[in-house]
Amino acid sequence: MKKVTKEVYLKWYEDMLFWRKFEDKLAAVYIQQKVRGFLHLYNGQEAVLAGSLHAMDLSKDKMITAYRNHVQPIGMGVDPRKVMAELYGKATGTSQGLGGSMHIFAPENGFYGGHGIVGGQIPLGAGLAFADKFFNRDAVTLTYMGDGATRQGSLHETFNLAMLWKLPVVFIVENNGYAMGTSVERTANHTEIWKLGLGYEMPCGPVDGMNPVKVAEAVSEAVERARSGGGPTFLEMKTYRYRGHSMSDAQHYRTKEEVEEYKKIDPITQVLDIIKKEKYATDEEIAVIDQRVKDLVKECEKFAEDSPYPEKNVMYDVVYEQEDYPFLPHKL
Amino acid sequence: MRTIQFREAVAEAMSEEMRRDESIYLMGEEVAEYNGAYKASKGMLDEFGAKRVIDTPISELGFAGIGVGSAMNGNRPIIEFMTFNFALVGIDQIINNAAKMRQMSGGQINIPIVFRGPSASAGQLAATHSQAFENWYANCPGLKVVVPSNPYDAKGLLKSAIRDDDPVIFMESEQMYGDKGEVPEGEYSIPIGVADIKREGTDVTIVSFGKIIKEAYTAADELEKEGISCEIIDLRTVRPMDHDAILNSVKKTNRLVILEEAWPFGNVATEITYQVQSQAFDYLDAPIVKINTADTPAPYSPVLLAEWLPNHEDVIKAVKKVLYK
């Protein structure tokens, strides 16, 4: 594994703080009805992304996930202003305003969505890896899903095929405890999701998903295995989301105390504690980072606000690669 | 010209394209070592090897999705379903992922994939194995739906489908694989979205597609003996539809019968009926008649199946009805 240096800790702190504040801003503008549709936020799960990115070779490795997907592309290098603009439905968004919250795409940065159907992205991730293997690209695809998705058939068919063909893919379940309002205990007669890998003889295991170092270690080992031809790995990140499943979730299925317990092991706090303990940065330097994060979030909001809405014809232009596809008319 | 079977035309189209483009592979149940459940990929494993002609377990969702994922990343997959009845367990990957990926990504990711296999009834296979899905897929923006009715069209259209940069649903029939037809040795392709006038005529237009069009040929032969001249249009592509071909014919004959093997509610024939009444209302000398299957799941018993399926007698009746004879 690449060494976790002072610079890494400082980057993790700034990245994770930015992701957190970016999501907080989305929650705020959602209440103002500037962002609509469903909005699924990542707050609490940031260590999974930070640790994973540390393990990846961003020049060729790929990532695909479900609909809790705003900050992953940012982590992979996408301009966060474009992500914010997508949520505003603006022409400057990552999908020109056609995808919205659940469908962020940035293939040039190795980010392949952004998928709205629970578990639907799992075979796609294996397919991305299939192509990389087919063309001998030496690249690995990290395929994420929530705990709810592990109860879909798509996971099981894909696990079997990925093992059969030894695809260079790492499957990562972000177990945040709840599939919308249904706790893991209520979705299966077992709660150790990682054990699903055992049935396919897939290397698998649980990981402390609140600690980016633990995540980086586990994902590095899995990525290495995939890259060296050893095939897939299944990792269960034990993590937690502070906010509801989406913005319309009243969260009657859990207690405030439970949420507070997890905030005690918050990944950003954990990293900040190490930075302070190891004296990687002074209070003043940390304040500078905090201010930079705040400014960038503000800049994203302003960019999204100021951007134009898409032209009506874009709705047709994006459907087919064929340029003159004869759509049926729908208005007189 | 030489004569070959429909299944050979399909295998030739795939093989020729795979020789031309290294990013193409064929994947599905029994496509490799078994040479295809209906021998439509005979010899391909020997020529292209296991890397590009790939047997799968029975996991339609899984391999349809892996096909789409690989198409997002540089491959041009041909995914074979043993029948489109089995594609139902993987249809999420076709509708939500293959069809919508380009739109959801704002035009960044196109999916050059072909999903192919037999559709519709094929003898006494009963309810689960006798469904026509052309209109299901044709309803979905992002897809193209191609349905050849003879070996020549199958080869030319399949080559175009494989070269197409958008997802194409290519529908065959178990009952057509053995059909023989003239297919030239040389290179050719047939554009997607262009209908073909299979027979010219003056009195009535019959629009159809796929294997059921043979019932229209039989009916037209019978009707010719009675002095009735039928023009038969083979859609060949259901989406996008060649409306001009239909309209031009109707403007000439002023009468339209549509023959489609599908349940009658909201099908391809319904769409044609709407388009013709809205664009050629004044040309029509009779209400349009559509002939479909019964509005029930396919029955098993031979007597019931014969009653369920449209046949040439139904076509003759329909033609006479629009001619007020």
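Guide: Start with buried area, which is the accessible area that two parts lose on being put together, summed over both. This is a predicted model. Here chain A and chain B bury about 3,600 Å² between them, and 63% of that area lies on carbon and sulfur atoms.

Visitor: Which residues of chain A lose the most area to chain B?

Guide: They are A:Phe134, A:Tyr320 and A:Glu321, which together account for 18% of what the chain A side buries.

Visitor: How many residues of each chain are in contact?

Guide: Contact is counted for heavy atoms within 4.5 Å. By that count, 41 residues of chain A meet 51 residues of chain B.

Visitor: How many salt bridges are counted between chain A and chain B?

Guide: The rule asks for a side-chain nitrogen of Lys or Arg within 4 Å of a carboxyl oxygen of Asp or Glu. The count between chain A and chain B is one. B:Arg102 pairs with A:Glu321 in a salt bridge, with the closest N and O atoms 2.7 Å apart.

Visitor: Which elements of chain A give two or more residues to the side that touches chain B?

Guide: Helix H5 (121–134) and helix H6 (153–164) of chain A do. H5(A) supplies the largest share, nine residues. Sorted by class, the side of chain A that touches chain B has 24 nonpolar, 11 polar and six charged residues.

Visitor: Can we turn to the domains? What does the domain assignment of chain B give?

Guide: The assignment gives domain 1 (3–182) and domain 2 (196–322) of chain B. Taken over C-alpha atoms, their centres are 26 Å apart. Domain 1 of chain B brings 31 residues to the contact and domain 2 of chain B brings 29.

Visitor: How much area do domain 1 and domain 2 of chain B bury between them?

Guide: About 2,100 Å², with 57% of it on carbon and sulfur atoms. In domain 1 of chain B, the residues that lose the most area to domain 2 are B:Gln124, B:Asn135 and B:Val147, together 25% of what that side buries.

Visitor: How many salt bridges and polar contacts does the rule find across the interface of these two domains?

Guide: There are three salt bridges across the domain interface, and 13 residue pairs are in polar contact there, both residues at pLDDT 80 or more. H6(B) gives the most to the side of domain 1 of chain B that touches domain 2 of chain B, with four residues. That side divides into 15 nonpolar, 12 polar and four charged residues.

Technical notes
Residues are numbered from 1 along each chain as its sequence is written. Chains are lettered from A and ligands numbered from 1 in the order in which they are written. This is a predicted model: local features need pLDDT of at least 70, side-chain atom pairs count only at pLDDT 80 or more; totals for chains, interfaces and linings use all residues. Side-chain values use heavy atoms; hydrogens and water are left out. Domain bounds come from an automatic or database domain assignment. Buried area is the accessible area (1.4 Å probe) that two parts lose on being put together, summed over both. A polar contact is a pair of N or O atoms within 3.5 Å; within protein, one must be able to donate a hydrogen and the other to accept it, and residues adjacent in sequence count only if both atoms are side-chain atoms. Ala, Val, Leu, Ile, Met, Phe, Trp, Tyr, Cys and Pro count as nonpolar, Asp, Glu, Lys and Arg as charged, and the others, Gly among them, as polar.
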